Amino acid sequence: MAEEARRGGARTTGGGEAGGRPGVIGGRPGAIGGRPGETGFTREDGQLTLRERKKLRTRQRISGEATLLFIERGFDQVTVAEVARAAEVSTMTVFNYFPRKEDLFLDRIPEARELITRAVRERGADESPLAALRALMLGLLADRHPLSVVGEGFEHFWRTVLASPALRARGREAVEEMEDTLAALLAEDAGGDAGRPGHDARLAAALIVAGVRAACAGAVARQLGGDPVDEVAVEQAEVLRRTFDALERALPGGA
């Protein structure tokens, strides 16, 4: 944990061998991760081919080295070329894995979309989409998954994000992407066109994402203020429950 703290907190790019930091979005699935998806990661490395394992390790190394540099010097003060040198790869290789510089740090965006998609599509027969999302968020929090925004050392990640206009802008885009993903899933679940979600699906998605975002913002503020992580986690669980209770009242049928 001392090394992780020096690098900015808990591991988030998967594995302990390639740098790390508490991210909000990107990287490999944790305990609630699972099967290969947009991230190309899997819970059991044996399910990957040798080539896929090498690519995974390269991605982890690039993201880990980038994270260390960003946290130590600030996101806007580090170039992609410097990240490439630190990771011992070419600049083109960095862009092959991460099309945008911001995604080197906010590298859990694909995982967030994947987890939302799986939660809705693979829920129990008697479970509503909203109930599945509640279980997902509470599970991530219990596991101190980076996407829960609560964990030891996570404040280093958030300070880096807040200090960079580019990262903050990418974060807002990511929220919009989550909303679009959820709207499509809700439309699909209701028998509609996932490619063109109707007003009801978009409204429900907007409310759900806004509620979760507000809950997470409070937890981030408490951690930045120096509150003990365990206390923040306990309160965050209650905040999430109240949030989803309110959403259930606002969205008859559980979205």
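Student: Which residues is Leu-182 in contact with, leaving aside its neighbours within four places in sequence?

Tutor: Ile-116, Val-120, Leu-133, Ala-205, Ile-208 and Val-209. Contact means heavy atoms within 4.5 Å. This is a predicted model, where local features need pLDDT of at least 70, side-chain atom pairs count only at pLDDT 80 or more, and totals for chains, interfaces and linings use all residues. Residues are numbered from 1 along each chain as its sequence is written, and side-chain values use heavy atoms, with hydrogens and water left out.

Student: What makes a set of residues a nonpolar core?

Tutor: The members are buried Ala, Val, Leu, Ile, Met, Phe, Trp, Tyr and Cys residues, joined through side-chain atoms within 4.5 Å. In the largest one here there are 63 residues, and Leu-133 and Leu-182 have the most contacts inside it. Helix α10 (residues 199–224) gives the largest share of this core, 10 residues.

Student: Why is this core said to lie between domain 1 and domain 2?

Tutor: Both domain 1 (49–101) and domain 2 (107–250) give residues to the core, so the core lies between them. The domain bounds come from an automatic or database domain assignment.

Student: Why is Thr-243 called buried?

Tutor: Buried means under 20% relative accessible area, exposed over 50%, and partly exposed in between (1.4 Å probe, protein chains only). Thr-243 has 14%, so Thr-243 is buried. Its place is in helix α11 (residues 229–250). Apart from residues up to four places away in sequence, Thr-243 touches Gly-211, Val-212 and Ala-215.

Student: What is Glu-88 called, buried or exposed?

Tutor: Its relative accessible area is 71%, so Glu-88 is exposed. Glu-88 is in the loop between α3 (80–87) and α4 (91–97). Its phi is near 60°, a positive value in a residue other than glycine. Most residues other than glycine have a negative phi.

Student: What does Arg-144 count as?

Tutor: Its relative accessibility is 31%, so Arg-144 counts as partly exposed. Arg-144 is in the loop between α7 and α8. Its phi is also positive, about 55°, although Arg-144 is not a glycine.

Student: How many helices and strands are there in the chain?

Tutor: The chain has 11 helices and zero strands. Helices (H or I, at least four residues) and strands (E, at least two) are DSSP runs, numbered from the N terminus.

Student: How do you know what reach is expected of helix α9?

Tutor: The expected span is 1.5 Å times one less than the number of residues. Helix α9 (residues 165–189) has 25 residues, with 36 Å expected; it reaches 36 Å from first C-alpha to last, close to that value. Its buried residues include Leu-167, Met-178 and Leu-186. Among the elements covering the buried residues of α9 are α6 (109–121), α7 (129–142) and α10. Gly-191 follows α9, and its phi is positive, near 85°.

Student: How many of the 255 residues count as buried?

Tutor: The share is 51%. The chain exposes about 11900 Å², and carbon and sulfur atoms supply 51% of this area. Such areas come from the Shrake-Rupley method with a 1.4 Å probe; for residues, only the protein chains shown count as cover.

Student: Where is the pLDDT below 50?

Tutor: pLDDT is the predictor's confidence in each residue, from 0 to 100. The chain averages 84, and 81% of the residues score at least 70. Over residues 1–45, the pLDDT is below 50. Where pLDDT is low, the predicted coordinates should not be read in detail.
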